[in-house]
Amino acid sequence: MTIRILLIILFLTLQSCDKGLSPELADINPGFGGTITFIGDWDKEVTRTHVVLFKSPLLSKEDFNAFNLKYVSDSITSESNSYNFNTNDESLLSNVSPDDYSYLAVAQSRTETLSLNREDWKIVGLYFNANDSTKPGTLEIPEDSFVNNIDIVCDFNNPPMQPPGGDDLSNILESIINSQLDFQKLNRNK
Amino acid sequence: MRNFTIILIVLFISTNIKAQSGSLFGKITDNNGNALIGVNILVDRTVLGVATNSDGNYILKELKNGTYKLTFSIVGFTKTTSQEIEILNNKVEINVSLVPTSYQYDQLIVTANKFSQKLSDVAASTYIIDTKIFSKKNFQKLDDAFRYVPGVTMTLDQISIRGSSGYSRGAGTRVLVTFDDIPIYTPDSGEIVWELIPVSEIGRVEIIKGSASSLYGSSAIGGVINIIPKEITSNPITFVKMQGGVYSKPSHKEWEWSDKTLYFNSQTISHSRSFGKLGISASISRFEDLSYRQNQDQLRFSGYLKANYNFSESSTLSFIGAGFTRRRSTFIYWKDLEHALSPSDDDLGQSIKSDRTILGMNFNHIFNKKLSLAIIPSLYLSYWDDKSESDNKSNSNLFRTEVRLNYKPTEKIIIVSGSEFQHNKVTSTIFGNRSSNGIGAYSQIDYKIIDPMNLSFGIRYDYNKLSNLESENSISPKLGITYKFNNNTFLRTSIAKGFRSPTLAESFTSTTTSGVTVKPNPNLNAENSFSIEAGIKHYISTDFNLDFAIFNNEYFEFIEPGFDLKDGQLFFNNVTRARIQGFEVNASSSFFSQRFLLNIGYTFLHSKDIDLNKELKYRPKHSIVTSLEYTQSFYEIGLDLRYSSKVERIDNEIVDFGLVPNGDKRVEIFVLDARVGANLFSYKLPLRIFLNANNILNYNYVEIIGNIAPIRNYSLNLEFVF
């Protein structure tokens, strides 16, 4: 009886398993795509607009570097109302693999050529996780799958908080200092 | 040194004084009367010991007149100790029939704590590999066996016990491996080269899980593997092993890269015998593998020599030497998943030539019933030449010596104390010209407070100086308690601090291979750990036992390979905090009059890089190993199944930089092996035959990115013993 049970288990095991890795899996490219919606008037001096993806959070000016940058879409035509993107389509840079990414945004620049200086860029749209627009959202790309509906709204009249190192650095620092002072006051009141 | 020379001279003279003596001889069989080969016979309170030959016979010559006790042991049988035997210028025959048992926990003797003790008295989880499995499964290398040990993960040839290591291409190890008491990590990279240990000469393998730095120092932060060579036989015994096998066609047409039949084969001949007080065991072997992957063929020649000279019943000097020379083509990563068994075009034609040799001596002297001394010097010589684009070369040597005293003031107390010194020198294009020094001193006391309870406390101090870097100091204590609740239930718990100094490879590697640039990090700090475990072994019946262990390991300044996002170069860095928690459950059962043996082991690992709040790389969360064996008369059939869940994190950066196309593709591991074998000894034929089919489902998986593990292969192993 025991032998029969073991043989049945073995048979079911053999039947249920696949062959593991196969060449077909090479055709499945993990990535993401979505729509960018623009609200308000475009800055006439903007020369380039891109969807950009960073692996690690932009906590300092140095985090805005080529090795942290994982995706840069082709430049979006000025005065567009919306733009559909897909990391498997042609792009300036695409190093997207299954992982967690900390910063996905739409960035604009006034330079003629593509620059990697943080000062040359302004963030006009930011990807947030559902129900939390207080901080940049984390984008999770699972194994062997493509994530759709990664949508970003760019409201030129109400741009998101800028990462450190840009033109608006002084404003950000002021905002951080103010929030820390508020926090200290709150603690004292406790 | 002068005193040591005097001791040796005195001992030598004393052995030449003609004494009244006799001998002990006999035959060891199982309960069916079949001769047992390789049974260890030790003479209590002496340094004398032999193993049985192919007929199960042994002889101990030139024993001084007196009374002796013999202990007979071999894995799979109950350890047996004889009555007091009196020798008075005569020959005494002692024949023993050993009883097979799975009820071994209170019987087995292990030496992992640098003295012989019952397995049930060891506070750490310990696993013993039955070395018969090397023949049964046609293993070519020792590490092949570790894939079937619960709680042990092999990532290519890098070992990890309970998730202690990920994958670092051999730079450093967190598991210390000793062969005949000699650590065998390489002088330059600090890795384990498994081919150095001849599988045919292994007598026993003990795996101690959890930190053992309190006794072994750096590198033992994740555990220790203690390999004991076979005892030299008293009567001549010759062993010839011939093995051959073929790989199946790949399961996908796109992966085929050769029209030829891809095969592997090996030939080994070994001989063991004694001439009076001198015992010698030697072997040579050749191994050739065309490999299932393009550009990974290899040819290896190995040699091994062990010699014992018994100056007296209380003094012995042994020599051990093992080495190989090998040329192996280099397969680093696949070209892409559509060409998974071929390397990138740039890597074709690359190869590495390597020569590795370990030489060691062990002088053992028993002063009296309470005190014994061991002096163990060794020299590891390593050379390799990477005949590829990088053109790296490394020539290195490691001299090491250990002096150890075992003191047993009462029957309840054993104290092991010792000191070690090591010096290594490296001349290399990849590591630079470096040297390092280390000293260590340790002491451990095992105290049987009350009969069922054993308390063990050890502490070790280590000092390491790596080239021109700042020196490192560490103190590593350990406390362990075992409690024999009753004859069926054994409890154990231990708490230990571990440490590991960075290796030369981790601190100084500077090279570019397959597009990956590795840069040095001279600011690496030593890593530390704090581990705690508790376990229970319970025999539900003589045929069914369960072992459960739960553990928590905290790592500080954990050294892991990673990429510097500023320049895209690989380097070793201290991950500030890591935590590995988990549990293991192992069940062993025999049924139908022990014709069936079933072992199942499950390991759960929860590993975390606490800073990043992510899993550590290359640590599977779930692992299962099972084996089922059926033995009837002279033949046996076996099945082995192992499973590991898909590792959650890998070196994604290598994939991101486009260095390994499709490198992120991986799956769970699911491997089924089958074997059939026959032992014709009971038919008076000195032959064992084993036929193996490994990975019979031809399941394709990777252990590291871009490296398909061995596909289905068939092998035949013939062993002649005469």
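This is a predicted model: local features need pLDDT of at least 70, side-chain atom pairs count only at pLDDT 80 or more; totals for chains, interfaces and linings use all residues.
Local features were kept only at pLDDT of at least 70 and side-chain atom pairs only at pLDDT 80 or more, while totals for chains, interfaces and linings use all residues. Residues are numbered from 1 along each chain as its sequence is written, chains are lettered from A in the order in which they are written, and side-chain values use heavy atoms, with hydrogens and water left out.

Chain B comes out with six helices and 45 strands; here helices (H or I, at least four residues) and strands (E, at least two) are DSSP runs, numbered from the N terminus. With a radius of gyration of 25 Å, close to the 27 Å that the globule rule gives for 722 residues, chain B is as compact as a globular protein of that length. That radius is taken over C-alpha atoms, and the rule is 2.2 Å times the number of residues to the power 0.38. The C-alpha trace of chain B spans about 80 × 55 × 45 Å along its principal axes. Of its 722 residues, 58% are buried, where buried means under 20% relative accessible area, exposed means over 50%, and partly exposed lies in between (1.4 Å probe, protein chains only).

Chain A has two helices and 11 strands. Its sequence order runs α-β-β-β-β-β-β-β-β-β-β-β-α, and buried residues account for 38% of its 190 residues.

On the backbone side, most residues other than glycine have a negative phi. Ser467(B) has a phi near 50 degrees and sits in the loop between β32 (453–466) and β33 (472–486). Ser633(B), with a phi of about 55 degrees, lies in the loop between β41 (622–632) and β42 (635–644). Ser633(B) is also exposed, because its relative accessible area is 57%.

As for chain A, Asp27(A) belongs to the loop between α1 (2–16) and β1 (31–39). Its relative accessible area is 57%, so Asp27(A) counts as exposed.
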